[in-house]
Amino acid sequence: SIAPSLSGSYTVDIKKAITCLLFGGTRKILKDGMKLRGDVNVLLLGDPSTAKSQFLKFVTRAAPIAVYTSGKGSSAAGLTASVVRDARGEFYLEGGA
């Protein structure tokens, strides 16, 4: 179960999104033929006290390569991202200014 200690009707969609995060991703095939799972980025926005941080902290315990950053930590570190359109016309987030 995804974050079993967190419950309520509002958590259903959040848990679905986290499940997609844990099991989704775009496949990358390197030049040497090695297949890797691409990066998956999640931005949770919501009202205060809706357990956003607790959900993401659960993911960092469940997925060994997950990285968690909060608004405080990312602001202090200067974490920024922009929305970019690729050659196929699809949008994605790109780190950096």
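The model is a predicted one. I'll start with the overall layout. The chain has 3 helices and 4 strands, and along the sequence they come in the order α-β-β-α-α-β-β. There are 97 residues, and 19% of them are buried.

Next, two single residues. T11 is in helix 1, which covers residues 11-23. Is T11 buried or exposed? Its relative accessibility is 3%, and the cut-off for buried is under 20%, so T11 counts as buried. Leaving aside residues up to four places away in sequence, T11 touches L6 and F55.

L43 sits in the loop that runs between strand 2 (35-37) and helix 2 (52-62). Here the relative accessibility is 64%, and exposed means over 50%, so L43 is classed as exposed. From L43 to L56 is 13 residues in sequence, and the C-alpha to C-alpha distance is 9.7 Å.

Now the charged pairs. How many salt bridges does a search of the whole structure find? It finds 2. One of them joins D86 and R88, where the closest N and O atoms are 3.3 Å apart. R88 also forms a salt bridge with E90, and there the closest N and O atoms are 3.4 Å apart. D86, R88 and E90 are therefore linked in a network, given that a salt bridge is counted within 4 Å. As for accessibility, R88 is exposed, with a relative accessible area of 65%. D86 is partly exposed at 22%, and E90 is partly exposed at 44%.

Last, the second largest pocket. Its volume is about 330 Å³. The lining consists of 13 residues, and those nearest the centre are T26, D39, N41, Y92 and L93. Which element gives the largest share of that lining? Strand 4, residues 91-95, does, with 3 residues. Sorted by class, the lining of this pocket has 5 charged, 4 polar and 4 nonpolar residues.

Notes
Residues are numbered from 1 along each chain as its sequence is written. This is a predicted model: local features need pLDDT of at least 70, side-chain atom pairs count only at pLDDT 80 or more; totals for chains, interfaces and linings use all residues. Side-chain values use heavy atoms; hydrogens and water are left out. On a 1 Å grid over the protein atoms alone, a cavity is a set of points where a 1.4 Å probe fits but cannot get out, and a pocket is an open set with protein on both sides within 12 Å along at least five of seven lines; lining residues have an atom within 4 Å of a point. Grid points are joined across faces, edges and corners, and a volume is the space filled by probe spheres set on the points. Helices (H or I, at least four residues) and strands (E, at least two) are DSSP runs, numbered from the N terminus. Ala, Val, Leu, Ile, Met, Phe, Trp, Tyr, Cys and Pro count as nonpolar, Asp, Glu, Lys and Arg as charged, and the others, Gly among them, as polar. Buried means under 20% relative accessible area, exposed over 50%, partly exposed in between (1.4 Å probe, protein chains only). Contact means heavy atoms within 4.5 Å. A salt bridge is a side-chain nitrogen of Lys or Arg within 4 Å of a carboxyl oxygen of Asp or Glu.
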